[in-house]
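Please look over this structure with attention to its salt bridges, its nonpolar cores and its surface.

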Amino acid sequence: MAPGGSTAPGRAQTTLLLTHTIVVQAVTFMLRPASAYRALELDVPGAWLGVLGASFAVVPLVLAVPSGHAVDRFGERRVALAGSALLVAAGLGFVLLAGSVAGLVVASMLLGTAHLCAVVAQQALVANRTPAHRYDAAFGYYTFAASLGQALGPGLIVVFGGDRSIPDTRAIFLGATVLAVPLLIAAALLRPSGHHQQRTAGPAAGGMRELLRQPGLVRALTVSCVVLAAVDITLVYLPALGAERGIAAGSIGVLLGVRAVASMASRLLLGKLVAMIGRRALLIGTVALSAVGLGLLLPPLPFWVMAVVVTVAGLGLGAGQPLTMSFLAEVAPPGLRGRAMSLRLTGNRLGQVLIPSAAGVLAAGAGAAGVLACTATGLAGAAVAATGLHRTNPHPD
């Protein structure tokens, strides 16, 4: 039964998957900031902080597609179980190896691998066990759960590490490891879709070449990449815009919180919105809405107007990721959906590296407003690209 199904076993599996999603994200978003705090405790040079951050992202960039292949070949449960075990191992790595920068890098690489395996397995499970007419609602709930976990993680740093400027990182590492252990049980109880058994026949036999030939796939990947990069850019350059215009950091924090809440709300209501408007029209409209929202931030505005504009942008940015997941799940044949989701993650990671880097170069001359203007332009281009997507179901289960 798909997420959002009506039977008791279906609801139990949905709850189990969403709980697994929340905890994976919460533990990850506890460990990543805590590792940076630990590096500061070790008085490492600033360049090493960059290495530490990159060590989390580089493994997913290299292993994303192989992990999707593993999901398609061995099933979602096994890869989710591997991701859960690696998450526990990463927590122990931070506990045992955090006395040196090299140890932090090794543990961070383990964390990146764990997060990748868990996320690819989760997304493939949603895609494979959900009827096509419920993709939008299912991915909306899934991405809402992921956002909730990402919001809870930093708060748990205070719970375990205290409210000092540099928290007790060892307590955070231990707490995160304890929270990760039940994920092993949750992953073991997940019921695989069985689509991995189709790998030797039909479209799945064509592998990545067959997948890349699917109509609309590259467009959906492009839209997903641009939208996620836009989210990252707002996290960095909205504070920069505030600094340039003398807006208090607390006020910018409120705006970022408003954006996050608006994004979560759009994901929670996604199924109903698609039923009313249609997936393609909603994707075009929400990406265009986010472009307009960021564009309206360019002139100086009163704070309450900025809050309204950021809310508009947040609503648009929140819908982009689950909607592109729905398109990919519908386009990809059974037995290739793990690889489809891993391709999306690869594109997203590349976008997160390349687009903000280009934005940083631009900011040197044009400032934060120039970066936001270019981001709005990129989102407008993504909305145009989304017009080439059509809701079809060429591979019914």
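Predicted model: local features only at pLDDT ≥ 70, side-chain atom pairs only at ≥ 80, totals over all residues.

## Salt bridges

The structure contains four salt bridges. One joins Asp72 to Arg339, with the closest N and O atoms 2.8 Å apart. Asp72 sits in helix H2 and Arg339 in helix H14, so this pair ties together parts 267 residues apart in sequence. Asp72 counts as buried because its relative accessibility is 3%, under the 20% cut-off. Arg339, at 7%, also counts as buried.

Arg279 and Asp136 form another salt bridge, at 2.8 Å from N to O. This pair also links distant parts of the chain. Arg279 belongs to helix H12 (residues 279–295) and Asp136 to helix H5 (residues 135–161), 143 residues apart. Arg279 is buried, at 1% relative accessibility. Asp136 is buried too, at 2%. A network of salt bridges connects Asp136, Arg279 and Glu330.

Glu41 and Arg38 meet through their side chains in a salt bridge of 3.3 Å, N to O. Both residues lie in helix H1 (residues 8–41). They are three residues apart, about one turn of the helix. Glu41 has 34% relative accessibility, so it counts as partly exposed.

## Nonpolar cores

The largest nonpolar core has 79 residues. Within it, Phe139, Val223, Leu283, Val287 and Leu379 touch the most other members. Helix H13 (residues 303–331) is the top contributor, giving 14 residues. The core draws at least three residues from each of domain 1 (11–192) and domain 2 (210–388).

Helix H2 (46–74) and helix H14 (337–386) are the elements that give two or more residues to the patch. H2 supplies the largest share, four residues.

Is Leu61 buried or partly exposed? Leu61 counts as partly exposed because its relative accessibility is 32%.

Notes: Residues numbered from 1 in each chain as written. Heavy atoms only, no water. Buried < 20%, exposed > 50% of the residue type's maximum accessible area, 1.4 Å probe, protein only. Core = buried A, V, L, I, M, F, W, Y, C linked by side-chain atoms within 4.5 Å. Domains from an automatic or database assignment.
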